[in-house]
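Morning, everyone. I'd like to walk you through the pockets in this one. Have a look at the model first.

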Amino acid sequence: MTKYTINRAYDVDDFRKTGHALVDLLADHLQVLNDNPNELVIRYRNPDETLQFWQADLEASKEGNDNQLDFFRNVLNQCINVQHQRYMGHQVSVPAYTSALSGLMTDLLSNGTGVFEMGMASNAMERIVTDFLAKKIGFDTNSTGFLTSGGTLANLTAMLAARRAASADVWENGHTEKLGIMVSAEAHYCIDRAARIMGFGEDGVIKVPVDEKFRIDPGQLEAVWQKTKADGIKIIALVGCTCSTATGSFDNLEALAEFTAQKGIWFHVDAAHGGCVVFSKKYKHLARGIERADSVVVDFHKMLMTPSLNTALIFKRGEDSYKTFTQKAQYLWDAEKIPEWYHSGKRTFECTKLMMSIKVYSILRTYGESIFEENVDILFDNARTFARIIEDRKGFEIALEPEANIVNFRLVESSDERSNTINGLIRDALIESGRFFTVQTVIKGIRYLRTSIMHPFTTEDDFHALLDEIEHLRVNL
Ligand SMILES: *Cc1c(COP(=O)(O)O)cnc(C)c1O
């Protein structure tokens, strides 16, 4: 069996042996992280050094290299550990292990999923998990949705649907009018990109000012609308943030729904991060009004424990999801009978698609739906705890009271200018020391360390230890 290289790539015995060894390697790694909070979150190397490492590695393996375990170990060494309870950086879930194992399985099976036969299980499960989410959002049985690769693509797809709703023949003829989308000044940059991709240009992204808590100020909507109209731009949609990326602020969706109903435009909610609150009795109120949206995006890979990427786009009226990419004559669907839900490629931007649904379904099936509520409540509660700990520590301040699991704070210095410099240096030093991972953001000209509390096992001790570490780095700057 080993005569040809191609045979070696499909050697079942090797798969079995290496697969078991890989699972052992990963389990040992997780055990080390769990037992030692002082283990590094990231072993930082600079980009060029990292590139040289891998160039040399492949150079040395020109004739092939049987030692797959060494390779896996090296990858592990150069990855950031989102499974570490002191990882508090970008919003990426700690994948539930069953979900990650489903990932191994789906990678091997590689069902393309775009049409039913190319993913029978994944298409059926996709229907189930999106219907489940739709129900949690508060949509009725007319609703339907699908999974797609990431919030960025899902938001673009929603905007394409909104454009289609505003102009029935845009898919055939393009648009001659100037079109625009109203969006929070704090929206994720992908909404801006979506508008530009659709050819709306810079003028087509109409930013609505926010209040002191970084939520769209509903009092500004009418004035922005009138001004945009006077500029000759037809607004096709308003996008609400549930929640914003920088500060985790939740827009007042009821007020936004009121406005879009009055104007007869599409209401989209970018709930990539904060849509998870629909699973929580305690925090659901933050997304009150979400059920009035025409479309909603929720990232399972942010707060709902799947590996990236895994995103749901849910439409209030299922038929809207079928119109986006079809020509005029083809979209005369019967609204009662949602057509061909099982060919997911009809509705997604993607053709071949990952078997994402299995990674959500496996969590639901193994632990029941309460697992999502538990995760959301722990992470949101912990952010509030962290905010109190920061406030109690001399020399630190929070930017604002957290609504989600995002906490922005800084070391206070003699002036804002000095504070901006010092907090920037601290952030760099934190990455290099590798004992914690945080990011940074600038709010109204002030630099803050930005943390998203992502690991359900992060403790108060970890929060205190982070502030200790920052004080220590400050002294040694
Ligand atoms: C993360 C995020 C996005 C982008 O989603 P990806 O899955 O990273 O493509 C968009 N909007 C909001 C509010 C987000 O938090």
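A quick definition before the numbers. A pocket here is an open set of grid points where a 1.4 Å probe fits, with protein on both sides within 12 Å along at least five of seven lines. Its volume is the space filled by probe spheres set on those points. And keep in mind that this is a predicted model.

Start with the largest pocket. There is about 1,000 Å³ of space in it. Lining residues number 27, and the closest to the centre are Leu-26, Leu-76, Gln-83, Pro-95 and Ala-100.

Which helices supply at least two residues each to that lining? They are H2, residues 12-35, H4, residues 68-77, and H5, residues 97-109. H2 has the largest share, with nine residues.

Now the second largest pocket. Its volume is about 620 Å³. It is lined by 23 residues, and Arg-8, Asn-65, Asp-66, Asn-67 and Gln-68 are the closest to its centre.

H1, residues 5-9, H2, H3, residues 47-60, and H4 each give at least two residues to the lining of the second largest pocket. Which one gives the most? That is H4, with six residues.

And the classes for this second lining? Six residues are nonpolar, nine are polar and eight are charged.

Notes:
Residues are numbered from 1 along each chain as its sequence is written. This is a predicted model: local features need pLDDT of at least 70, side-chain atom pairs count only at pLDDT 80 or more; totals for chains, interfaces and linings use all residues. Side-chain values use heavy atoms; hydrogens and water are left out. On a 1 Å grid over the protein atoms alone, a cavity is a set of points where a 1.4 Å probe fits but cannot get out, and a pocket is an open set with protein on both sides within 12 Å along at least five of seven lines; lining residues have an atom within 4 Å of a point. Helices (H or I, at least four residues) and strands (E, at least two) are DSSP runs, numbered from the N terminus. Ala, Val, Leu, Ile, Met, Phe, Trp, Tyr, Cys and Pro count as nonpolar, Asp, Glu, Lys and Arg as charged, and the others, Gly among them, as polar.
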